[in-house]
Amino acid sequence: MMRRFTLIAIPYLWLLALFLVPFVIVFKISLSDVALARPPYTPHFDWATGIWAFLSELDFENFVFLTQDDLYWKAYLSSLKIAAISTLLTLLVGYPMAYAMARAPQEWRATLMMLVILPFWTSFLIRVYAWMGILSNEGFLNQFLLWTGVISEPLTILNTNTAVYIGIVYTYLPFMILPIYAALERLDESLIEAAEDLGCSRLSAFWLVTIPLSKTGIIAGCFLVFIPVLGEFVIPSLLGGSDTLMIGKVLWEEFFSNRDWPVASAVAVVLLLLLIIPIVLFQRNQQKQQEAEQ
Amino acid sequence: MIQFQNVTKRFGDFTAIDDLTIGIYEKEFFALLGPSGCGKTTMMRMLAGFETPTEGSIYLAGQDMAPVPPNKRATNMMFQSYALFPHLSIWENIAFGLKREGMAKPQISDRVNEMLRLTRLEKFASRKPHQISGGQRQRVALARSLAKKPKLLLLDEPLGALDKKLRQDTQFELMDIQEKTGTTFVIVTHDQEEAMTVASRVAVMDNGRIIQVATPDRIYETPNSVYVADFIGEVNIIDGIATPNGEESYSVAWKDGQAPLNVKSPSSFSDGQSCHLAIRPEKVTINAEKPTGADNVVEGKILDIAYLGNLSTYHVELPSGAVIKAQSANTRRISRRAFTWEDTVWLSWTATAGVLLAA
């Protein structure tokens, strides 16, 4: 009994220390007011005045402000849009790759898997900077296209949403490929043969058998991409332009450019609440998958 | 109805099927029997269209099947793993092939219900495959493959995953269904008992070749080679030299020095030709006293007794050291048996009991 309790307690303590406590701090800041001080908000808890005086100074002013300035909800919507589109793009690129991996001869699969994971061995930032080098006006891509004569004027890709999509698809591709690959690898080849035997063409067997049976992998992959992309900051700020509006970027600017910690915290709290929905859905998908396997 | 003409199938430098010519008739229950790796599954997969012959051709109802893809063939297959679609209910699994045909909904529903009745699965129609037992899954697979009324049904080790009792019941069910539907069944199995029970004709295969094709009783009673005799059931193989001593009658001298045996054989052997005498244990009579008037009598000592309940198999060692198996029904209580281990007994059989095979 004691052992079980200890085992369960450790992850909960971990969550408490690294998630709940920081969240409470951020939430508290979101209820505070801006101040020209260090840290740049007020009130601070003071033993002398007591807890009630402290609490009475907190209010939801910043959350109200978020609804008044259309920058914020536009940024949330734009983030949702970018996250949704890039999840779809990642799926379209990742599914064929996962499919090819699962169909590859057994002895190749480990190598292919390595190649998918290999980019993680270098720093994420370096890889994004590399894309800046590739996509810029004088970058490798434009030079190559000019050299082959496909274009006569360099394309402007860097600092546009296109560059953001390229960066996101590139970065999050492994998160899409791996769960789909896991689902496809388990797929019994004889099911496809059975479908063909019963009158399916190759394509309809794919739609009616392969896709439904890799559904849990697809859903898991989509959430694994969608959830972090929604709050993504590095890619849009490095590859995106001034018109790329994402909530992660807004958050950063509120914190560091405006030094408006309370509003920034309010943005973060709302973002977290938004993320809870897909996270709960993701958990449910995982649970359903586990039940199906039993 | 089905004609294999000089069919050869190679995978790399491995020859799975070697220059095979065979015909399968309409409404027949045909069994391909052989050890694993003998090419029987490859033959079936070629019929279904998942493999194409390297050489030769396969005709189904006179039509060359080589250019016809699996989904356009009037054959259906019941897979060894059953290959039921785990995301679909039993009902949808059975309806799967009918829907692909573009059949109208009410007809699909009629046909599926008919198949559910035939396989006694009505109660499970809305369950998913993982919610039913192995025997039920096997019946779903059968129902699904029969739903499209194929001209030819292929069964790949269909009963391999079932326990013995269930397997026997299902074998009779299969025969029943085959009779009711009038479909040609081709079954692949490595279980000789299963092949003998269900099939009207059996092809015994080895190393990509068909050794013998005949009805189960002919395969058992008159095997055409030592391989077939040995593969099907239990058998005593006696090596010897044949000497003709009358019409269709031979005297067989034992290689290991026993008195010669009298054997009748329709196939002819020349004087001094070495041969094998294959004789089934149940055709050897075991007695405590020397029988009179038997064509062949040998004396020996009981080495071992395998008690099978209804039968006992006696391993009898002859003075030469050869061991002959004799089988007899246990019509008496075991305590009243006339002989036991180490007893001297007499084995006897008639001249026609065995089959004389060329070496």
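Student: Which way do β4(B) and strand β5 of chain B run, and how many bridges join them?

Tutor: Strands pair if DSSP finds at least two bridges between them. Strands are DSSP runs of E, at least two residues long, and helices are runs of H or I, at least four long; both are numbered from the N terminus. In this predicted model, β4(B) and β5(B) (residues 63-64) run antiparallel, joined by two bridges. Leu60(B) has Gln63(B) in β5(B) as its bridge partner.

Student: How many residues lie between β4(B) and β5(B) in the hairpin?

Tutor: Two residues lie between them. In the turn, Ala61(B) has a positive phi of about 50°.

Student: How many bridges pair β1(B) with β4(B)?

Tutor: Five bridges, in the antiparallel sense, with β4(B) spanning residues 55-60. Phe4(B) stands opposite Ile58(B) of β4(B).

Student: How do side chains sit in a strand?

Tutor: In a regular strand they alternate between the two faces of the sheet.

Student: Is Lys9(B) buried or exposed?

Tutor: Count C-beta atoms, placed from the backbone, within 10 Å of the residue's own: 20 or more others means buried, 12 or fewer exposed, and in between partly exposed. Lys9(B) counts as buried because it has 22 C-beta neighbours inside 10 Å. Lys9(B) belongs to strand β1 (residues 2-11) of chain B.

Student: Which residues does Lys9(B) touch?

Tutor: Contact means C-beta atoms, placed from the backbone, within 7 Å. Leaving out residues up to four places away in sequence, Lys9(B) touches Ala16(B), Ile17(B), Thr42(B), Met46(B), Glu51(B), Pro53(B) and Thr54(B). Take Met46(B): it is 37 residues from Lys9(B) along the chain, and their C-alpha atoms are separated by 9.1 Å.

Student: How many residues does each chain bring to the contact between A and B?

Tutor: Chain A brings 14 residues and chain B brings 17. On the chain A side, α9 (189-197) and α10 (202-213) each supply at least two. The largest share, six residues, comes from α9(A).

Student: How far can I trust chain B?

Tutor: Check pLDDT, the predictor's confidence in each residue, from 0 to 100. Chain B averages 88, and 99% of the residues score at least 70. Within chain B, helix α5 (residues 164-181) is lowest, at a mean of 84, and helix α2 (residues 90-100) is highest, at 93. For the complex, the predictor gives an ipTM of 0.79 and a pTM of 0.78.

Student: What are the ground rules?

Tutor: Residues are numbered from 1 along each chain as its sequence is written, and chains are lettered from A in the order in which they are written. Local features need pLDDT of at least 70, side-chain atom pairs count only at pLDDT 80 or more, and totals for chains, interfaces and linings use all residues.

Definitions and conventions. Contact = placed C-beta atoms within 7 Å.
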